[in-house]
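Please open the structure in the viewer and keep the selection panel at hand.

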Amino acid sequence: MSKFKFKKATKTPEVSTASLPDIVFMLLFFFMTVTVMKEDTLKVVNELPNATEIKKLEKKDRVITIYIGKPVDKFQETQGEQAKIQMEDSFVNLSDLGARVLEAVNEKPEHLRAFIAISLKVDKKASMGLIADVKEELRIVNALKINYTTYEGDTSKNLE
Amino acid sequence: MARRGGAPEVSAGSMADIAFLLLIFFLVTTTIETDAGLDRMLPPIEPPDTDVVIKEKNIFQVNINKSGQLLADDNLIDLKDLRAKAMDFLDNNGDKSCAYCKGKSNPDSSDNPDKAIISLKNDRETKYSTYITVQNELVGAYNDLRNRESMRLFKRPFVQLEADYLNPETDSDVKDELKEKVQRIQKLFPQKLSEAETSSSN
């Protein structure tokens with residue numbers, strides 16, 4: 001009797017899935033760290049136009065955002081269909097905008113107040129009249145540094 | 001009944017499933033925020049004490065009407081020609097005091113880049129997207145000229161220098177060096193883009 005048995009036809013060994021949780025966890029941590037939770041709930045339609053010559057906004061803590069656009073369907077009954085201004089979580093009338101901006105500036109720590117920029121997130125279908133009024137209000141409260149926030153992309157899509 | 005060999009191990013086989021569940025949640029809720037745009041400074045509300053007299057030829061007037069048509073220095077032009085027109089105007093070097101300009105030295109156009117002002121006017125009915133497109137072209141004209149000078153002086157485009165300078169991760173000694181370069185280029189082609197109050201033409 002021979003000492004060595006002939007091996008029977010072996011199955012291919014299975015790939016170990018023991019490290020699968022580790023890989024999934026790695027991905028999970030990546031997404032957990034890059035996720036930015038939205039600060040404001042949008043109440044206006046806000047599709048930004050495209051631009052190519054853009055500059056990144058500085059740190060988040062020195063930016064005040066103003067949204068402009070038509071109210072979303074849910075609010076059209078109460079707010080009408082004209083473009084509206086939204087700051088933080090509420091609609092703001094043009095006449096109150098200056099006061100609201102000043103209030104938002106005063107909430108920031110004192111050493112940051114000189115560097116505050118206003119980010120204007122304006123829907124591309126809005127007309128310039130309201131934006132001109134907003135710019136005028138901002139000039140009155142001396143918030144002069146503004147940023148027309150846009151997406152990066154081909155500007156020819158703006159004109160469709 | 002007494003246990004032998006300690007407590008039974010908890011199966012970790014479903015850990016992957018739980019992790020997947022969390023992963024999918026974060027995948028769905030993630031919005032990688034894009035906060036970038038065109039930086040502008042508004043003019044202060046108080047008028048300057050002294051009236052500055054600017055020659056007609058040093059102003060490049062761009063008008064956008066409510067249907068999105070462009071009027072540049074009283075000529076109806078196409079949007080795609082705007083950048084070239086603006087660059088010609090800025091780079092013109094009418095009084096021949098600008099050594100680095102490559103313009104045609106047309107006496108009816110701007111004296112030098114330091115004096116050249118682009119004025120952008122729009123109608124109240126103009127669409128925001130049109131306005132941004134025009135702004136983008138004008139900023140692009142400045143950037144193209146600045147890139148040209150930056151390539152000549154430092155062998156790197158200006159936008160790259162500026163992005164590195166604004167990047168918070170850049171070392172401070174590199175930053176100081178970049179600041180000097182950025183300011184030098186900005187001085188060669190200062191961005192003088194005036195946003196006049198909107199006119200209503202009805």
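## A guided tour of chains A and B

Begin by selecting Lys55(A), which stands opposite Gly37(B) in strand E1(B). The model on display is a predicted one.

**Chain A as a whole.** Now display chain A alone. Its secondary structure consists of four helices and seven strands. Followed along the sequence, these elements give the pattern α-β-β-β-α-β-β-α-β-α-β. Along the principal axes, the C-alpha atoms of chain A fill a box of roughly 105 × 40 × 35 Å. The radius of gyration of chain A is 27 Å, whereas a compact globule of 160 residues would have a value near 15 Å.

**The side of chain A that touches chain B.**

**H1(A) against H1(B).** Select H1(A) together with helix H1 of chain B, residues 15-29; their axes come within 9 Å and cross at roughly 25 degrees. H1(A) is therefore roughly parallel to H1(B). The crossing of these two helices is left-handed. To view the contact, show the side chains of Leu20(A), Pro21(A), Val24(A), Phe25(A), Leu27(A), Leu28(A), Phe31(A) and Met32(A) in H1(A). Their counterparts in H1(B) are Met15(B), Ala16(B), Ala19(B), Phe20(B), Leu22(B), Leu23(B), Phe26(B) and Leu27(B). The residues of this contact divide into 16 nonpolar, no polar and no charged.

**H3(A) against H4(A).** Return to chain A and select H3 (residues 94-107) and H4 (residues 128-140), whose axes come within 9 Å and cross at roughly 40 degrees. H3(A) is therefore oblique to H4(A). The crossing of H3(A) with H4(A) is right-handed. From H3(A), the contact involves Leu94(A), Leu97(A), Gly98(A) and Val101(A); from H4(A), it involves Asp133(A), Val134(A), Glu137(A), Leu138(A) and Ile140(A). These residues divide into six nonpolar, one polar and two charged.

**The sheet of chain B.** Next, select the strands of chain B that form an open sheet of five, in the order E4-E3-E2-E5-E6 and with mixed pairing. Strands E4 (75-77) and E6 (193-195) of chain B stand at the edges with a single partner strand each, so each has one side without a neighbour in the sheet. From one strand to the next, the twist averages 25 degrees.

Within this sheet, focus on E2 (residues 59-64) and E3 (residues 70-72) of chain B, which run antiparallel and are joined by three bridges. Select Asn63(B) to find Leu71(B) of E3(B) opposite.

**A helix across the sheet.** For the last stop, select helix H2 of chain B, residues 79-90. H2(B) lies across E2, E3, E4 and strand E5 (117-122) of chain B, and runs at about 15 degrees to E3(B).

Technical notes:
Residues are numbered from 1 along each chain as its sequence is written. Chains are lettered from A and ligands numbered from 1 in the order in which they are written. This is a predicted model: local features need pLDDT of at least 70, side-chain atom pairs count only at pLDDT 80 or more; totals for chains, interfaces and linings use all residues. Axes are lines fitted to C-alpha atoms, for helices over the stretch in contact, and angles run from 0 to 180 degrees between N-to-C directions. Angles under 35 degrees count as roughly parallel, over 145 as roughly antiparallel, 65 to 115 as roughly perpendicular and the rest as oblique. A crossing is left-handed if the near helix is turned anticlockwise from the far one by less than a right angle, and right-handed if clockwise. Two residues are in contact if their C-beta atoms, placed from the backbone, lie within 7 Å. Ala, Val, Leu, Ile, Met, Phe, Trp, Tyr, Cys and Pro count as nonpolar, Asp, Glu, Lys and Arg as charged, and the others, Gly among them, as polar. Two strands pair if DSSP finds at least two bridges between them. The radius of gyration is taken over C-alpha atoms; the globule rule is 2.2 Å times the number of residues to the power 0.38.
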